[in-house]
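Colleague: I'd like to learn how to read a model like this one, feature by feature. Could you walk me through it?

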Amino acid sequence: ADVAAEGKALVETNYYGQQLLANVEYTDKATETWFVSLFEGSERKSVAVELLSQGLVRVDRQNKNARRFPDLVSALTEAEAEAIETRVGIWTYGEADFDEPPAGAAPSRRY
């Protein structure tokens, strides 16, 4: 299954042409990058939660700013856990350790 194509199709089907609410969570001043959460409708349905629950994306556990947003991170990890449990999308074959080096790569050294 092509998870990227599935994600694109879900976004196009559910959100293309729709008015979404963007909440700026924080701005990286060094790169002038905005980090936003997108919501649909008056009930504020999270686009990220839908993508996570379908197994089309994963939570970035390396993000140094995650500690600043415990409620947001909790909602995101719950949605990801649902996808892992139901084995959808990238979790079809179970949980993978994304911190492992790719096959043939030298192992990373952690001190």
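Predicted model: local features only at pLDDT ≥ 70, side-chain atom pairs only at ≥ 80, totals over all residues.

Colleague: What share of the residues is buried?

Modeller: Buried means under 20% relative accessible area, exposed means over 50%, and partly exposed is in between (1.4 Å probe, protein chains only). Of the 111 residues in the protein chain, 25% are buried. For the chain's surface, accessible areas come from the Shrake-Rupley method with a 1.4 Å probe, and for residues only the protein chains shown count as cover. The protein chain exposes about 8,500 Å², with carbon and sulfur atoms supplying 51% of it.

Colleague: Which residues make up the largest nonpolar core?

Modeller: The general idea is that nonpolar side chains tend to be buried together in soluble globular proteins. A nonpolar core is a set of buried Ala, Val, Leu, Ile, Met, Phe, Trp, Tyr and Cys residues joined through side-chain atoms within 4.5 Å. In this model the largest one has six residues: V3, L10, Y15, V47, L51 and L56.

Colleague: What is L56 in contact with?

Modeller: Contact means heavy atoms within 4.5 Å. Leaving aside neighbours within four places in sequence, L56 is in contact with V3, E6, G7, L10 and L51. Across the protein chain, among contacts between residues at least 6 apart in sequence, 50% join residues at least 24 apart.

Colleague: Now the charges. How many salt bridges does the count come to?

Modeller: Side chains of opposite charge can pair when their charged atoms come close. A salt bridge is a side-chain nitrogen of Lys or Arg within 4 Å of a carboxyl oxygen of Asp or Glu. By this rule the count is three.

One of them joins E12 and K8, with the closest N and O atoms 3.6 Å apart. Both residues lie in helix α1, four residues apart, or about one turn of the helix. E12 is partly exposed because its relative accessibility is 44%, while K8 counts as exposed at 53%.

Another joins E50 and K45, where the closest N and O atoms are 3.5 Å apart. E50 is buried at 13% relative accessible area, whereas K45 is partly exposed at 36%.

Colleague: And where do E80 and R61 lie?

Modeller: The side chains of E80 and R61 meet in a salt bridge of 2.6 Å, N to O. E80 lies in helix α3 (residues 70-86) and R61 in the loop between α2 and α3, so the pair ties together parts that are 19 residues apart in sequence. E80 is buried, at 2% relative accessibility, and R61 is exposed, at 54%.

Colleague: What is the nearest side chain of opposite charge to E25?

Modeller: For charge, Lys and Arg count as positive and Asp and Glu as negative; His and the chain ends are not counted. E25 lies in strand β1 (residues 20-28). This residue is buried yet has no salt bridge, and the nearest side chain of opposite charge, R44, is 6.5 Å away.

Colleague: Which side chain makes a polar contact with E25?

Modeller: A polar contact is a pair of N or O atoms within 3.5 Å; within protein, one must be able to donate a hydrogen and the other to accept it, and residues adjacent in sequence count only if both atoms are side-chain atoms. The side chain of S37 makes such a contact with that of E25, at 2.5 Å. A polar contact of 3.1 Å also joins the side chains of N23 and E25. N23 is in strand β1 and is partly exposed at 31%.

Note on methods. Residues numbered from 1 in each chain as written. Heavy atoms only, no water. Helix = DSSP H or I, 4+ residues; strand = E, 2+ residues; numbered from the N terminus.
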